[in-house]
Amino acid sequence: MNVLAIIRSRFRSALESLIDDPADVLDMIRTSQDSKFGDYQANCAMPLGKRLDKPPREIAQQIVDSLEIDDLCDVVEIAGPGFINLRLRDDFLIDQLTAAVHDDRLGVDAATIQRKYVIDYSSPNVAKPMHVGHIRSTVIGDALCKILRFLGHEVISDNHLGDWGTQFGMILYGYKNFRDEQSYDTSPVVELSRLYRLVVGLIDYHSGKQKLPQLEADVIARRAAVEDQRSLAPSGDKQADKKVVKALRRLESQADAARQTLEDSQRKIAEFEADADAMALAAAHPDIPRAVLRETAALHAGDAENLSLWNEFLPQCRADIQRVYDRLDIKFDVEHGESFYHDRLSAVVQSMEQAELARESEGATCVFLDGFDTPMIIRKQDGAYLYATTDLATIDYRMQEWSPDAMLYVVDHRQGEHFDKLFAAARLWRYGDVEFQHVSFGTVLGEDGRPYKTRTGDTVGLEGLLDEAEQKAYEVVCENDVAGMPDEQRRKVASVVGMGALKYADLSHNRTSDYVFSYDKMLNLKGNTATYMQYAYARVRSIFARGQLDADELRRSSTRIVLGHPAERELGKELLRFSEALEQSSADYRPNHLTNYLFDLAKRYSTFFEECHVLKAGSDELRDSRLILCDLTARTIRCGLALLGVDVVEKM
Ligand code: ARG
């Protein structure tokens, strides 16, 4: 049961006599930070007072008078300017906790409105080395699937692999021109990845060279604009002069950025040119940017050689990615890559044209959308289809196949504009009623504040990262192993701890912010980490092991829960907030509500454990009641972590 939601619904009824739509003020009912002010607090009387032009305390009194909440709360008081403080009844808490103890779902109700979701996540471009950003999409997507399913929704997880794009043109070209037969035979994916990087390097060099004059011209033009602005004489009008200065600052920063871009480009070119072998290749392949496009186009047109190479490369690349999924224990319901939609693209363009949403512009087929500077191109001049075309076909397919209520895309924030346009076009096209969401996320940074780079930077990069997490976890496990586990068991525990740390570190940050990747932080035994939670779990379990107690039996017994000590009551209350945390996470697709909750729960538990004896509680009844609270804590941690894709171990 979601206590907060029930309290809000009671307030909704009470508020209906005061205002038409209480929805926004209901958000002002929260759990209290300090139990001095009760367990829950409603701060809605103050804004309502303003709105209705009445003293807030009077409003608060009116609300309290019509509030029907006696079955939940024994104290409802008005404090200060008009805060309404609510204290839950102990018998209510005890009843709810007892119900949770006997419930496999730990008291979490399924959502009243059950929806169907398609979640598009992970979706790496195969043939391109996977990087740490793919872990983000993968673990956030996986956690959302699990949380939504637990709440009773139907979820179809779809790995929209990039298996058909220009990166294949690159490895096709690289394979045909630069392959090292021997290393391809011994380790095809490593060789393909080398070829990919080699071709990207050559393309970057040639296009960088080509763009150089334009960048130089840009710098000159922006400098001139700065000079012009500087030469403006002060007008004497303060306001106007302020504006001039502001404009100057803006122009200066634009000029700075242009200079930076030019310098970066010059530096990269110089680095490339210092490498004689690379230069020889560049000279021998001057047309490489276009040649690569031709390879991709030939593949799409069904060229026999390219298609057969693609069929040879793809399973190898997928197997490589699969190894990462296996270690992270990630599974998908479907994995329809971009290639799956190839045959549907022309029909999409036709349909968009027929609906008069798309039209020709400079030889390309474009969808012009209100509120965007540039159109969404769905077919290029040369007839090639684009990422956006495939995404439209994908939406169409998913709607025909599953007819979901919502489609979520767990993708890097840099693709924001693509999704804004895609969703706008899809709504106009056929799917106005579907919830489309770009569940975007920020960048993983290194300690230096720049995007995190795996040390080796090649395909083994991501696996290397997993290896390192496991290795560091192993060190932590060894240092803290009081039980003296055999090495084999330590390794097993380290794998659970390492993968858990990696996932939890990602999930515990608000997904829209960037975060700094640090093994030390993610394995910290004191912070909000998986490791801390896993230890908390193992510690609770060890009480049962030490006392040779059977938790199942205890649950089945008629033990009555007692909340006599404040720390027991605080823990009990926190245990009942599990469903609140899950609903919050599902409402805005942010798993960090759940990690925050688990951390709070673990802290409440540790206060309880410090202040209340469990095995030596004084009486058998009290001991059993406390053991039940311990057990419910362990179950809630285990279930919460499982919904985040994180495992626990019984002993650490
Ligand atoms: N393959 C893309 C990339 O790595 C992400 C795909 C996301 N999903 C989608 N339907 N566009 O950038």
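Of the contacts in the chain with a separation of 6 or more, 73% are accounted for by residues 24 or more positions apart, where contact means heavy atoms within 4.5 Å. The structure is a predicted model, in which local features need pLDDT of at least 70 and side-chain atom pairs count only at pLDDT 80 or more, whereas totals for chains, interfaces and linings use all residues. Residues are numbered from 1 along each chain as its sequence is written, and side-chain values use heavy atoms, with hydrogens and water left out.

The secondary structure of the chain comes to 25 helices and 13 strands, taken as DSSP runs numbered from the N terminus (helices H or I with at least four residues, strands E with at least two). The C-alpha trace spans about 85 × 75 × 55 Å along its principal axes. Of the 652 residues in the chain, 51% are buried, a class defined by a relative accessible area under 20%, with exposed meaning over 50% and partly exposed in between (1.4 Å probe, protein chains only).

A search of the whole structure finds 25 aromatic pairs; rings of Phe, Tyr and Trp (its six-membered ring) are paired if their centres lie within 6.5 Å, and planes under 30 degrees apart count as stacked, over 60 as edge-to-face and the rest as tilted. The rings of Trp429 and Tyr431 have planes at 80 degrees and centres 6.1 Å apart, so this pair is edge-to-face. Trp429 is buried at 9% relative accessibility, and Tyr431 is buried with a relative accessible area of 9%. The rings of Tyr605 and Phe609, by contrast, have planes at 20 degrees and centres 5.8 Å apart, and the pair is therefore stacked. Tyr605 and Phe609 are 4 residues apart in helix α24 (residues 592-611), so that about one helical turn separates them. Tyr605 is buried, with a relative accessible area of 7%, while Phe609 counts as partly exposed at 39%. One aromatic cluster is formed by Phe340, Tyr341, Tyr397 and Trp402.

Charged groups also lie over aromatic rings, the criterion being that NZ of Lys or CZ of Arg is within 6 Å of the ring centre and within 35 degrees of the ring normal. Arg179 lies over the face of Tyr175 at 4.3 Å from the ring centre, and the charged end of Arg491 sits over the ring of Tyr474, 3.6 Å from its centre.

Helix α24 also contains Phe599, which is buried at 17% relative accessibility. Not counting residues up to four places away in sequence, Phe599 touches Tyr504, Lys526, Gly527, Asn528, Tyr532 and Met533. The C-alpha atoms of Phe599 and Glu227, which are 372 residues apart along the chain, are separated by 56 Å.

The structure holds 0 disulfides, a disulfide being a pair of cysteine sulfur atoms within 2.5 Å. Cys317 is buried, with a relative accessible area of 5%, whereas Cys478 is partly exposed at 21%.

The second largest pocket has a volume of about 1200 Å³. Of the 42 residues that line this pocket, the closest to its centre are Asn2, Leu4, Arg8, Glu580 and Gln584. Elements giving two or more residues to the lining include α1 (3-15), β1 (29-31), α22 (566-575) and α24, and α23 gives the most, with 6 residues. On a 1 Å grid over the protein atoms alone, a pocket is an open set of points where a 1.4 Å probe fits, with protein on both sides within 12 Å along at least five of seven lines, and lining residues have an atom within 4 Å of a point. Grid points are joined across faces, edges and corners, and a volume is the space filled by probe spheres set on the points.
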